[in-house]
Amino acid sequence: MRRLAHSNRYKKLAFLSSSSSSSSSSSSASTVAFSAISRMGSKFSPKPATASVPLFQPLPSPFSSSTNLCRAGKRLLPVLCSKPTSRNNSRSLYTNGHATLPIPKPVSADLAVGGGWKSDALRHQLAECGIEVDDLSPGQHSGLLCPKCQGGDSGEKSFSILINAEGARASWICHRAKCGWTGGTKHATSSTSRNPVQQGTRKKQTREITEESLQLEPLCSELVGYFKERDISRETLVRNRVMQKAYGNQIVIAFTYRRNGRLVSCKYRDIHKKFWQEKDTEKIFYGLDDIKGADDIIIVEGEMDKLAMEEAGFRNCVSVPDGAPPLVSSKDLPPESQDTKYQYLWNCKDYLKQASRIILATDGDPPGQALAEELARRLGRERCWRVKWPRKNEDSYCKDANEVLMYLGPQAVKDAIDDAELYPIKGLFLFRDFFDEIDSYYHQTQGYHFGVSTGWRSLDGLYSVLPGELTIVSGVPNSGKSEWIDALLCNLNKSADWKFALCSMENKVRDHARKLMEKYVRKPFFDAPYGESAERIDVMEYERGKQWLNDTFYLIRCEDDALPNIRWVLSLAKAAVLRYGVRGLVIDPYNELDHQRPPNMTETEYVSQMLTLVKRFAQHHSCHVWFVAHPRQLHNWIGGPPNMYDISGSAHFINKCDNGIIIHRNRNPEAGDIDQVQICVRKVRNKVVGTIGDAYLSYNRVCGGLEETREKTAFPNMEMIRWMKPNLFILVMSAKC
């Protein structure tokens, strides 16, 4: 690291006065010093004491000519009303004994003598604002087409204009909600933007400046030494035409902004790093001529950084003229004519449009990163790259290119530019952006890479629970879908300590609490026939069960009679994930949600969009979602398990889910045990965590749990058999044990 020595040579100059020198202006310039000035662009910026071009010219007085002092006016003709406008007798109103007659309002001389209601002056003013009206008679004129919005797509005629009684002024409004343009002949404004016609007529005029008119001079030896301390050579200063200017009793650095070698603007800097610019000059990049015809362009935040880049070997670099904004704007990009803060981009667009790569080397602080984002928004993120500055020491990073040059040298600047990264585009990634996640997946260092066990060995070979997936559960009514899910949640809580959000609209809270507590304690809640001779949950077990319920489950329920929609459910589930750390969400069932949709949307399209929202929630929050959906009415049903395509609503239930499961229970005592529950795994997207097949469990009516059964377990596919062959010996020995 290079150690910098801060010189005090200029502090001695602060006590000198330019008035003490009697030599020429060039010699006196080398003996004066920098002093504090106002910030760049402030309206309180001091003006040069020797400005040769006045910024403001006095306007001639309207009373300067003698012809205006005694101008003959036209005679006003009184007009009497044809009918009295008051119930009082207008001819006999007395005040203190004296009769007074009402004085009628005079009519404008132009109207009385001019012969008509049309005014050429008013018509001209309206035309400047883009408004053309045939009838300019006083009063309100409605049902016109707005010249700004043209009535939108429907051509709505919602524009109204009001002409005052004298016919000299007009005001208008567009009643269309998306426009709302209002204004008058003197001050036309808009709710969204200024009238483009009026704005074009008020285009700001730019000044023509030269080095002579600004009284710029070559840099003195003290200023050359100042730049040398910042590792910027005299050759770089001369090539970039860096100059100085006597400003009152001080000398300031003058950065000359040029286009095709011609001086366009000038920016000044004092030793305290305070900036200001010449007013009424064109906004362009500093160093604009250096990027003419360049394929690669580097944009930095300050003139010193531009010079530092050249010291590192990069001449294809420009600096923004106005510094960085504090934050990224939350508004949409304004049109080119109204993008005043970044007008220099539009003024230099011919230089930028041919560049295939633009490297944004702005400062590393938050305003510098905000500037990079604003530039990328306008230049196109797809061709932008960004620079990350290296460490200055163990505690901090370098802020900008000049700081890297001073502390680490030109090679460090070159390395930072060579290592520039693609500017991130929202939604577009490289695989390397996920290498950390892929590495942990390969080495199995964290997470549930093979899913979480269901708690039933006969089912684990077919289905396991993986965070971030969607499982659709279906089955005919009263087949035990909700009971199976509740039992699965209890097993997951016991083995992995998962917590869950429950949106179960079919269950009363007390009934759902009873079912869950019975599975947890494995005793009946009541002394009732379904409990047979089993002992009821005692008080101690009941209190322990209540605490378990409160610590494990979080309920999503409507507090009124309104039906919840899927967005409402997912918003509360998100809150449960962030507040309580839940890992699973149950939505039971689909038909209890509010499914209002636009008239032009089919149910298939609605289901597709709804499931997309659910899947994005699951993936984003690493939360497994179980969604219960009933099958449609089955005709000619003979008692077998339904198909996933039988789900009411759409085939998207099976098309878009990660796992599809049918829960089926035998209802014919002659066909087998009516307590046997068949778990039909009909879809598994991820082969790592399962496969298609059937498993069988036994329903415990006493506590509502599901237990392993040895009577019937199916592994129907060859993939599972191929898995079993190399492990056959281990399986046989395990069975003997």
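View 1. Phe 525 counts as buried at 17% relative accessibility, where buried means under 20% relative accessible area, exposed over 50% and partly exposed in between (1.4 Å probe, protein chains only). Tyr 542 is partly exposed, with a relative accessible area of 32%.

This is a predicted model, in which local features need pLDDT of at least 70 and side-chain atom pairs count only at pLDDT 80 or more, while totals for chains, interfaces and linings use all residues. Residues are numbered from 1 along each chain as its sequence is written, and side-chain values use heavy atoms, with hydrogens and water left out.

**View 2. The stacked pair of Phe 159 and Trp 181****.** Rings of Phe, Tyr and Trp (its six-membered ring) pair if their centres lie within 6.5 Å; planes under 30 degrees apart count as stacked, over 60 as edge-to-face and the rest as tilted. The count by this rule is 23 aromatic pairs. One of them joins Phe 159 and Trp 181, at 6.1 Å centre to centre with 20 degrees between the planes. Phe 159 belongs to strand β4 (residues 159-163) and Trp 181 to the loop between β5 (170-174) and β6 (182-184), so the pair ties together parts 22 residues apart in sequence. Strands (E, at least two residues) and helices (H or I, at least four) are DSSP runs, numbered from the N terminus. Both Phe 159 and Trp 181 are buried.

**View 3. Arg 357 over Trp 385****.** Arg 357 lies over the face of Trp 385, 4.9 Å from the ring centre. A charge sits over a ring if NZ of Lys or CZ of Arg is within 6 Å of the ring centre and within 35 degrees of the ring normal.
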